[in-house]
Amino acid sequence: MRITFILLILLGLSTPALAQDAIEDPVFVFQRVNVLVAHHDNNFSLRVWRDGRAEMRFPPYAAQAGHYRWQIDPHSQAELEAQFSRLDELDLGGLAARMARQRGETLVEISDADWLRLEYRQSGRDAVKVMLESPDAWHRALPEITELASLAELQTEIFDWMQRNAR
Amino acid sequence: MKTALILLIVPITTLISLSAPAGVFIFAESQTNPNLITHPTGYTGSGGTLEVSVCIASDSESVADMEIPVQNVITVWNALAPVLGNTNLNDPQLASNQIDYESVLLHELGHCIGLAHPNLASESGLSGNNARYAKALRGPNNAFDLNSGSDGVIGTRTDQRGDDVNLGWFRIGVNDPFIFESVIDASTYSTDLNDLPGGHSFVEIAGLQVAQQRGLPNDEAILHQGTRSRETQRELARDDATMIRLGMAGLDRTQGTGDDYTLVLQYGGQADNCDITIRTEGEGLGLCQVGGQFLNSNHLRITSGEITMGSAGVFNWFFNTELLGDAEIFADRFESPQ
């Protein structure tokens, strides 16, 4: 028996809170892994904590390569909040099954698709974690699945935000 | 808030035939048919010249920079003239923070004409060193068995892979991915581990560390996933050419018969109606998307191919500016007998 992994979705469940987690876990996490690159420093990442601390890494081969740390302003934090909160509106629980079903009906392959990881933690709410092969590629292959288009759009918006703030 | 996690894993297909032989062609893994051979666009089972057009998309970024690399990769795949030592780890043409556009494109075009990664690669869900093991399907234990064996080098003939089901074609009785034979068909290549030489426990793949362990020049299959800054791989390794030649033996898998074809990629300039379209845009480094259609239960052909390379506004690409001529291919690659 064999399983091909094309999508991993991690969904958080509510459990008793720990104060330390609230301090240390970023509210927003974005990571795009360039799977084609063999060395470890192969991803673009963003982490933002509740107190406004922000950290970004662009890999050495990126046009905006570097490690950025700063305190983001309330307006920027609100922008990210508006973007990440859209994860709540998506039916992520059923996405894996829909992708598997569509792939069973369509002979399509995507090689070397990047991996995307998103995490969103709201106060008093469940954490949402998503990890999947790049939705920008898969939504072109499986256009019937609207969640992929939404994730692709969200990914691009967050990446644009990162590029604007990499200064 | 403490968070507990549920992991949902998508089984695309969960059944395979463990008795079938295997092959590292694109679709073989997802179709869980190790015996599947995938051919380029347009192949119907009739022999002759198989022309496949390759274009730069009309809405692509960096069109002027792309034209020479695109023409060069077409020339290289058409020549099917592999070298031993195709990998330059520290090419002085490139700065230390650059990635070679032409090398990545050569890899992606290989996917779009039917080839898969010889290594497990990212589609396995693995990363780092584990992704460098030879391509296989999970066996009955539903897990990859990863052990580099007595030599401690991943991807070699000593790997211990438990019940993993091999997908890699190898020279019968030899198991050497760094050779280039005169006859490449089902009479000389197999995926059945019973055809391995005595003492070999798994298929050896054309990985860089494997070549180094063998004392060979720096060499790696173009289709092996994993590029590095300042690295160039602009010529085929023998394993790449072998796999295309295996497909060219046609549906009967016998070289020299009427259904054999010769693959000819044709550059179509900037247009959107080609068999394979290349576009530079967006924040992904590079990928190939293909559609497919079955010719019979063990043969499939590509029906569409789209390559997307990352935007030059996101990545520090190095665009080669030296157009390769056919004569240079011949001079470079046939001076030494293969």
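Where is the place of Asp112(A) in chain A? A few friendly notes follow.

1. Asp112(A) sits in the loop between β6 (108-111) and β7 of chain A; strands are DSSP runs of E with at least two residues, helices runs of H or I with at least four, numbered from the N terminus. This is a predicted model, in which local features need pLDDT of at least 70, side-chain atom pairs count only at pLDDT 80 or more, and totals for chains, interfaces and linings use all residues. Residues are numbered from 1 along each chain as its sequence is written, while chains are lettered from A and ligands numbered from 1 in the order in which they are written.

2. Although Asp112(A) is not a glycine, its phi is positive, about 70°. Asp112(A) counts as buried because it has 28 C-beta neighbours inside 10 Å (buried: 20 or more other C-beta atoms within 10 Å; exposed: 12 or fewer; C-beta atoms are placed from the backbone).

3. Across in chain B, Leu287(B) belongs to strand β11 (residues 286-296) and is buried, with 25 other C-beta atoms within 10 Å. Leu287(B) touches Asp112(A), and among its other contacts are Ala137(A) and Thr308(B) (contact: C-beta atoms, placed from the backbone, within 7 Å).

4. Phe27(B), in the loop between β1 (3-9) and β2 (37-39) of chain B, also has a positive phi, near 85°.

5. Do look at helix α5 (residues 146-165) of chain A, which has 20 residues. Its buried residues include Leu148(A), Leu151(A) and Ile158(A). The face turned away from the buried side carries the exposed Asp160(A) and Arg164(A).

Methods. Expected span 1.5 Å × (residues − 1). Contact = placed C-beta atoms within 7 Å. Lists of a residue's contacts leave out its neighbours within four places in sequence.
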